[in-house]
Amino acid sequence: MSAKKILTIGEPLLRSVSHPVKKFDSRLSMILRDMAHTMYDAQGVGLAAPQVGLMRRIVVIDVGEGLVEFINPEVIASQGEIAMTEGCLSVPGRRGCVIRPEKVTVRAQNKKGSYFEVEGEDLYARALQHEIDHLDGVLYVDKMSYEVFDDEEEEEEQEGAVIG
Ligand code: CO
């Protein structure tokens with residue numbers, strides 16, 4: 001198990017569309033372990049495979065309730081709208097206010113290929129959308145309403161602003 005280097009903005013792979021996972025084998029399990037390790041090491045609440053240079057539709061998330069692995073995730077329903085401060089491990093040192101749906105339902109496969117659905121709100125909904133965007137080459141800076149600077153932060157203290 002090893003922490004991988006996280007690619008940063010400017011790297012073309014972060015702007016590419018990742019491919020669906022078709023093989024649910026031991027290599028996939030190894031990738032998931034490495035991704036979780038990399039996410040925890042970097043203190044993010046999520047990580048998408050293209051951030052470590054793997055163009056596969058794989059996401060890991062832990063918003064403090066345990067690790068969840070998502071293979072081929074898709075947002076199948078969303079509700080509401082909310083502004084939140086976001087940061088990204090691939091956009092170091094910056095944060096921005098992004099408006100996104102408040103709740104989402106995501107359908108994905110687990111590492112054995114079985115389908116499951118989760119409903120997320122708050123930080124979990126945010127992380128799901130942020131990470132799934134990475135699979136399509138989209139970064140939060142593409143969607144942000146405005147950049148958030150440190151001196152503005154006091155009033156707007158957000159848990160886990162760096163998503164992953
Ligand atoms: Co990110």
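Tutor: Let us begin with Asp 133, which lies in helix 2. Please keep in mind that this is a predicted model.

Student: What makes Asp 133 count as buried?

Tutor: The relative accessibility of Asp 133 is 13%. Buried means under 20% relative accessible area, so Asp 133 counts as buried.

Student: Which residues is Asp 133 in contact with, leaving aside its neighbours within four places in sequence?

Tutor: They are Arg 100, Val 138 and Lys 143. The word contact is used here because heavy atoms lie within 4.5 Å.

Student: Why is Met 84 also called buried?

Tutor: Met 84, found in strand 4, has a relative accessibility of 9%. The cut-off is under 20%, and Met 84 therefore counts as buried. In space, Met 84 and Ile 99 are 6.5 Å apart, C-alpha to C-alpha, although 15 residues separate them in sequence.

Student: Which residues line the largest cavity?

Tutor: Met 84 is one of them, together with Ile 82, Pro 101, Glu 102, Asp 122 and Arg 126. Strand 4 and helix 2 each supply at least two residues of this lining. By class, three lining residues are nonpolar, three are charged and none is polar.

Student: What makes a space a cavity rather than a pocket?

Tutor: In a cavity a 1.4 Å probe fits but cannot get out, whereas a pocket is an open set. A search of the whole structure finds one cavity of 30 Å³ or more, and the largest cavity holds about 30 Å³ of space.

Student: How much space lies in the largest pocket, and which helix gives the most to its lining?

Tutor: The largest pocket holds about 190 Å³. Helix 1 (residues 26–42) gives the most to its lining, with three residues. The lining includes Pro 20, Asp 25, Leu 28 and Arg 56, and by class it has five nonpolar, five charged and no polar residues.

Student: What is known of the second largest pocket?

Tutor: Its volume is about 160 Å³. Among its 13 lining residues, Val 91, Pro 92, Gly 93, Arg 94 and Arg 95 lie nearest its centre. Strand 5 (residues 91–100) provides the largest share of the lining, five residues. By class, seven lining residues are nonpolar, one is polar and five are charged.

Student: How do you know which atoms are the protein donors of the cobalt ion?

Tutor: Donors are N, O and S atoms within 2.8 Å of the metal. Cys 88 (SG), His 130 (NE2), His 134 (NE2) and Gly 164 (O) lie 1.9 to 2.2 Å from the cobalt ion, and these are its protein donors. Along the chain they follow the spacing C-x41-H-x3-H-x29-G.

Student: What do Cys 88 and His 130 tie together?

Tutor: Cys 88 lies in strand 4 (residues 82–88) and His 130 in helix 2 (residues 122–135), so the pair ties together parts that are 42 residues apart in sequence. Both Cys 88 and His 130 are buried.

Student: Why is the site of the cobalt ion called tetrahedral?

Tutor: The angles among its four donor atoms are 89 to 127°. Four donors count as tetrahedral if all angles lie between 85 and 135 degrees, so the site of the cobalt ion is tetrahedral. For comparison, the ideal angle for four tetrahedral donors is 109.5 degrees.

How values were computed. Residues numbered from 1 in each chain as written. Predicted model: local features only at pLDDT ≥ 70, side-chain atom pairs only at ≥ 80, totals over all residues. Heavy atoms only, no water. Donors = N, O, S within 2.8 Å, 3.2 Å for Na, K, Ca; no water. Tetrahedral: all angles 85-135°; square planar, octahedral: opposite > 155°, others 65-115°. Helix = DSSP H or I, 4+ residues; strand = E, 2+ residues; numbered from the N terminus. Buried < 20%, exposed > 50% of the residue type's maximum accessible area, 1.4 Å probe, protein only. 1 Å grid on protein atoms, 1.4 Å probe; cavity = no way out; pocket = protein on both sides within 12 Å on 5 of 7 lines; lining within 4 Å. Points joined across faces, edges and corners; volume = space filled by probe spheres on them. Nonpolar A, V, L, I, M, F, W, Y, C, P; charged D, E, K, R; others polar.
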